Amino acid sequence: MKAMKAIRIIGILAICMGMMSCQDEEKTNVSTVEPGTYAADIIINPENGSTNYSRGINAENGIFTSEYQQKYIYLHRINENGTETLESVQIDLENDCENSNKCFNIQVTKSEDGKTFTINAGGQSITLNANEKIYFSTIPNQTWEATKSNTNSSPIEGTPTIFEQPKNAEGVLAREILKSAPYTGDNLIELMMGDTQYIDVTRHCTGFKIHILFTNSNVTEDQPHVITSEEWHQILDQGEKEINPEDFEIKIYFGPNFCSWYDVLNNTSEGYGYYASHNQTYTVFEEVDQTYNNIDYQGYGYNTELTLLSPLYTGMSADDFRIYVCIRYNGNEYYYQVAPKGLTMNTNTIHHLILAYDVHDLLPIVNGTGGTYSSESRAGSTYQKIDLKPFKIICE
C-alpha cells in the first residue's frame, strides 16, 4: 500500500448569503473542517531514543530507533470524562509506505451537523461526538500490567515483588510501549488533509542490558581487561583440581524501579518490583565481551540475553536502583548487591551497565571461606552474603 495524501470523498460547503451569519455567537471552538468523508494512508512515526546511550556500547544495539517493529497498532476511544469505555480497534499495518515505515488506511466521516464523526479503520467502525477523542498505542488496553512471579527465591530482604520477563510467540520480550497524542474528530481530519500524514508516537518504556564479568584488573587503565584460559586456571585451580567457568552459576535481580501497573493514557504508574534473569533460574558462566571507550572488557560471567523493556515506576529515583548478583558454586549460594552511582532512569533510553570484577574475587567462593549468613537477606534464605566490589562500573 503506497501512502497517499488525504482525499475528500464527499463534502458539503455551506454558503452564507445576505443577512445570514455563519459565525457562532460565542465565536469559540469554530471548526474549519467541512462535513464530508475523508480518507488517507497514515504513517506511524516513532520517536528516536535518547542519544545519551551506553557510553561506548555499540550504537546499533544500544538505542531505540524510529523503526516501528510491531505489525499492528490500536485505536482507542476516550469519552468525555477522560476514560475508555469501548474495546480498542486493532489495525493491521502495511509495509509499503514512504520512508520504509509502516502505515494504515483510515476513513473519517463528519456528519452534516458536525456533531458526530464516524471512523473506519481495521475493518471496524466507531462513532465519536465532537467532544470525544481517540489516540493510538501499541497495547490493546488503557493499562499495561507486569506479570508477577509465583515464586521468590531471591536474597532480597522482605517480600519484594518479582516480575517475570514473558516472551511472545516470536521469543521476544515485552514490546515497546508507544502512544500518540489525543485527537478530536476535527484534529484527525486536519492531520489527514495536511501536507504530511504522520502520526507521531512517543515511547513510554525504558530498556535495560546488564553485563557482569570476572576478568583481569591488573593492567593499566588504557589496556584491555582480558583474561586467558591459562590465567583463569592459574588463579583459581585448587592443586590438581581444575576450576572452570562453567562450574559457576549466576542469576541477577534488578529493580525496584519497575512498575507493576501502568496507565498509558494518563502516564501514571503504581506498584514496584524487581526483574530477574531467566525467571530466577541459574545459568552457567559464559564469556562476556564488551567495549567501553575503546577498551575491551573480556571475562566470564553474565550477559543479558535480550533487552528488558518495561515502564518505570515514577515514585522512585535512580538512587533506589539495586542489582543483586547471585552465584552458586558447589551447591552453595552466595549473593552481593550493587548500587550503581551516576545511573539515570529515563524513559526512551536503553540503559547499559557493565560490572567488571577481578577474577581473584572468586577465590573465597572456591575456598568456601568468603560467605556469611546475613540479617540483610530474607528470613530463611539459603544465601550467604559476600562482599564483592567491582573495579569498574560502567553505566549510563
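Start by selecting Ile 212 and Tyr 302: Ile 212 stands opposite Tyr 302 in strand S22. You're looking at a predicted model, where local features need pLDDT of at least 70, side-chain atom pairs count only at pLDDT 80 or more, and totals for chains, interfaces and linings use all residues. Residues are numbered from 1 along each chain as its sequence is written, and side-chain values use heavy atoms, with hydrogens and water left out.

Now select all of S22, residues 295-303. Strands here are DSSP runs of E, at least two residues, numbered from the N terminus. Of the 9 residues in S22, 8 are buried (under 20% relative accessible area, 1.4 Å probe, protein chains only).

S14 (residues 206-215) pairs antiparallel with S22 over 4 bridges. S15 (residues 225-226) pairs parallel with S22 over 2 bridges; look for His 225 opposite Tyr 297. S21 (residues 286-292) runs antiparallel to S22, with 7 bridges, and Val 288 faces Gly 299 there. Zoom in on the hairpin that S21 and S22 form: 2 residues sit between them, and Asn 293 in the turn has a positive phi of about 50°.

Then hop to the open sheet of 3 strands, ordered S9-S17-S18 with antiparallel pairing. Its edge strands are S9 (143-145) and S18 (268-270), each pairing on one side only. Select S17 (residues 261-263), which 3 bridges join to S9, and find Thr 143 opposite Asp 263.

Last stop, the cysteines: Cys 259 is buried at 0% relative accessibility, and Cys 326 is buried with a relative accessible area of 0%.

Note on methods
Pairing = 2+ DSSP bridges. Buried < 20%, exposed > 50% of the residue type's maximum accessible area, 1.4 Å probe, protein only.
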